[in-house]
Amino acid sequence: MGKTSPNPAVGAVIVRNDAVIASGYHKGAGESHAEVDALSRLKGKVRASDIMYVTLEPCNHKGRTPPCTGAILKSGIRKVVVGMKDPNPSVKGGGIEYLRKKGVKVTTGVLEKECEEFLEPWVKFSKTGRPFVIAKSALTLDGWTAASTGSSKWVTGEKAREYVHSLRSQVDGIMVGVGTVLADDPMLTSRLKRGKGHNPHRIVVDTHLRIPASSRLLIDDSNPIRRN
């Protein structure tokens, strides 16, 4: 999650006699899609009775990589199970219809709700052209974010802060007001306990350019900030 933008995160498995014999996933824009990644594990040793399960409808258009429908047909697989149809208007239904016309049995809507929840940001952007926005706020149990004086301390625990960093690693951008920058001097980077996180674009709403030159946002060269 978070490493495939602007593409969706997709997974695929190939099943033979009720056992998973290969799996794959899309690792990043420009790299093999999940279906092709899974097929590559079998090195051409595919049987017509094998079944491919994929979370999102196989693509039927050429982008940075060739269409997955072509790879499926070339492999010899004759049955594909799709979790959800691609909501992108330019490709909607194309992959499923193409495979069916070529004689492949395609079943759709399996665990569809779960797939849609997993790909909710992609669904929102595809249907509306607007970004999926997450609002993050730390509140006390009685609904306060700071004392009457404006002073504030951590009110969340370590697990909650870890979760916030995992969220940062999954999004394209993170936005704060200049007041947050002045009060907390944040870095707004993703710092995970395990693995290397993806740093989102950092956006600061600062009408009068009050960000200090010494701000960690400006001096941290691990994730450059653009000035607009």
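The second largest pocket has a lining of 24 residues, and Asn7, Pro8, His33, Cys59 and His61 are the ones nearest its centre. Here a pocket is an open set of points on a 1 Å grid over the protein atoms alone, with protein on both sides within 12 Å along at least five of seven lines, and lining residues have an atom within 4 Å of a point. The model is predicted, so local features need pLDDT of at least 70 and side-chain atom pairs count only at pLDDT 80 or more, while totals for chains, interfaces and linings use all residues. Residues are numbered from 1 along each chain as its sequence is written, and side-chain values use heavy atoms, with hydrogens and water left out.

The space in this second largest pocket comes to about 410 Å³, the volume being that filled by probe spheres set on grid points joined across faces, edges and corners. Its lining comprises 11 nonpolar, 9 polar and 4 charged residues (Ala, Val, Leu, Ile, Met, Phe, Trp, Tyr, Cys and Pro count as nonpolar; Asp, Glu, Lys and Arg as charged; the others, Gly among them, as polar).

Turning to the fold, an open sheet with mixed pairing is built from 5 strands in the order β2-β1-β3-β4-β5. The edges are taken by β2 (19-25) and β5 (105-108); each has a single partner strand, so one side of each is left without a neighbour in the sheet. From one strand to the next, the twist averages 20°. Strands (E, at least two residues) and helices (H or I, at least four) are DSSP runs, numbered from the N terminus, and two strands pair if DSSP finds at least two bridges between them. Strands β3 (residues 51-56) and β4 (residues 79-84) run parallel and are joined by 5 bridges; leucine 56 stands opposite methionine 84 in β4.

Helix α1 (residues 34-42) lies across β1 (11-16), β2 and β3, at about 130° to β2. Such angles run from 0 to 180 degrees between N-to-C directions, with axes fitted to C-alpha atoms, for helices over the stretch in contact, where contact means heavy atoms within 4.5 Å.

Two residues can be looked at individually. Valine 15, in strand β1, counts as buried at 12% relative accessibility (buried is under 20% relative accessible area, exposed over 50% and partly exposed in between, with a 1.4 Å probe and protein chains only). Beyond four places in sequence, valine 15 touches Val20, Asp50, Ile51 and Tyr53. Threonine 69, in helix α2 (residues 68-75), is also buried, at 1% relative accessibility. Setting aside neighbours within four places in sequence, threonine 69 contacts Pro58, Cys59, Asn60, Gly95, Tyr98 and Leu99.

Definitions and conventions:
On a 1 Å grid over the protein atoms alone, a cavity is a set of points where a 1.4 Å probe fits but cannot get out, and a pocket is an open set with protein on both sides within 12 Å along at least five of seven lines; lining residues have an atom within 4 Å of a point.
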